[in-house]
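Please open the model in a viewer and keep the sequence at hand.

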Amino acid sequence: MSQIFLAIASIFGGTSVAAGAFASHALKEKLSDRALEIFETGARYQMYHALALLFVTLLLLRAETNQSLLTASGIAFVVGVAIFSGSLYALSLSGIKWLGAITPLGGVAFLIGWGCLAIASWGLK
């Protein structure tokens, strides 16, 4: 799982940088200030959780005990980025308001990921 998480973290990190640059250059004149802010929030949280997923990967590589909570944390971060950042990107680019109702589900996935990581920390040596 650590190889998969490392690859995903790298992709998330790189695409977060690309999304930020895209917003700053290509979208600045095409989106409203609010839509641009929403897009940038998606990119920012994608980067935060790319780094979190990288951290989970490093812990998985050194963990000597049960890795299931670390794996659950990584999966939750991946799901969170897909739903949270994905819905914010789609909302800002399309203007379809109901997409904003999906975003909190990604936030819940982030919280689950952080919770699993916190619980897993008690078993680390």
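Begin by selecting Leu53, which is buried, with a relative accessible area of 0%; buried means under 20% relative accessible area, exposed over 50%, and partly exposed in between, computed with a 1.4 Å probe on protein chains only. This is a predicted model, in which local features need pLDDT of at least 70 and side-chain atom pairs count only at pLDDT 80 or more, while totals for chains, interfaces and linings use all residues. Residues are numbered from 1 along each chain as its sequence is written, and side-chain values use heavy atoms, with hydrogens and water left out.

Leu53 belongs to helix α2; helices (H or I, at least four residues) and strands (E, at least two) are DSSP runs, numbered from the N terminus. Next, display the surroundings of Leu53. Apart from neighbours within four places in sequence, Leu53 is in contact with Phe5, Ile8, Ala9, Gly74, Phe77 and Val78, where contact means heavy atoms within 4.5 Å.

Remain in helix α2 and select His49. His49 is buried as well, with a relative accessible area of 4%. Which side chain makes a polar contact with the side chain of His49? The partner is Trp114, at 3.1 Å; a polar contact is a pair of N or O atoms within 3.5 Å, and within protein one must be able to donate a hydrogen and the other to accept it, with residues adjacent in sequence counting only if both atoms are side-chain atoms. A polar atom of the His49 side chain also lies 2.9 Å from the backbone oxygen of Tyr45. Beyond four places in sequence, the contacts of His49 are Phe77, Val81, Phe110 and Trp114.

Ser16 counts as buried at 5% relative accessibility. Setting aside neighbours within four places in sequence, Ser16 is in contact with Ala43, Gln46 and Met47.

Finally, select Val56 and Leu70, the residues with the most contacts inside the largest nonpolar core, which has 22 residues. A nonpolar core is a set of buried Ala, Val, Leu, Ile, Met, Phe, Trp, Tyr and Cys residues joined through side-chain atoms within 4.5 Å. At least two residues of this core come from each of α1 (2–25), α2 (33–62), α3 (68–94) and α4 (103–121). A second, separate core of 9 residues includes Ala23, Leu27, Leu36 and Ala43.
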